[in-house]
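Here are a few exercises to work through with the model open on your screen. Have a go at each one before you read its solution.

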Amino acid sequence: YPCRCHTMAYIFLDESGDLGFKKSSSKWFVFTIAITSDPRSLERAVKKVWRPLRKKYKTQGELHAYRANDITRTRLLRRLHELNDLHVLCVVLNKKKVYVDLQNQKNYLYNYTANILLDRLHSNGTLKNDEPIHLFVDRKDTKKTLRENFTQYLTSEMANRGRKHFVVSLHTSHENKSLQAVDFISWAIFRKYELGDFEFYEMIKSKITDERLLFP
């Protein structure tokens, strides 16, 4: 990480669900960001949950909410809940309401949804106007051109809002444990919408400062 100073906002972005429109696709798509001025705190929470796990649970080399068991999910979400300096914002896309012409423009829809999330971040007072932002995005399996478009799009959108100090870094969750933390948060929010399961959502709910439904 760059300098650990309280004038820098570190933001970790992850998504849950998919942007497909087939019968087998998810009904919802969730973009989640976790904001902190101390990224090590998220990393420490993940490490503390990771260390005592048995070898058979460590074969993946990282923590994934989807593959973890309920004990691990509970432990990590509770540790995150205890962090003072953690704010969570999410945008939840109701895919049933997405216009048909947009359904075929997944890149646009992806960028548009992410931008709405950053707009909420900009307008709801979570960050100071001149606060430098370092955004970490899970690289996942997206194509290089898509990633570059996404990065350029967000950077120009933030510049339009007067945010000059805005940097985007694409990391894999394997190399960035803080992204593993936001994966669990996003998963918990997604379960609430997709399955009506509030159990894990309730563990992190107090940290969510903005939960926005798109096309409600």
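**Exercise 1.** Find what the buried residues of α5 pack against.

*Solution.* Start with the ground rules: this is a predicted model, where local features need pLDDT of at least 70, side-chain atom pairs count only at pLDDT 80 or more, and totals for chains, interfaces and linings use all residues. Residues are numbered from 1 along each chain as its sequence is written, and side-chain values use heavy atoms, with hydrogens and water left out.

Step 1: locate helix α5 at residues 144–160. Helices (H or I, at least four residues) and strands (E, at least two) are DSSP runs, numbered from the N terminus.

Step 2: pick out its buried residues, which are Arg147, Phe150, Thr151, Leu154 and Met158. Buried means under 20% relative accessible area, exposed over 50% and partly exposed in between, with a 1.4 Å probe and protein chains only.

Step 3: look for their contacts (heavy atoms within 4.5 Å). You'll land on α4 (106–123), β4 and β5 (166–171).

**Exercise 2.** Trace the strand order of the open sheet.

*Solution.* Step 1: pair up strands, using the rule that two strands pair if DSSP finds at least two bridges between them. β1 (residues 9–17) and β4 (residues 133–138) are parallel over 5 bridges, with Phe12 partnered by Phe136 in β4.

Step 1: on to β2 (residues 28–36), which runs antiparallel to β1 and is joined to it by 8 bridges. Here Gly17 stands opposite Phe29.

Step 2: β3 (residues 87–94) and β6 pair in the parallel sense over 6 bridges, and Leu89 has Asp210 as its partner in β6.

Step 3: The 6 strands run β5-β4-β1-β2-β3-β6, with mixed pairing. The edge strands are β5 and β6 (208–214), each pairing on one side only.

Note on methods:
The expected span of a helix is 1.5 Å times one less than its number of residues.
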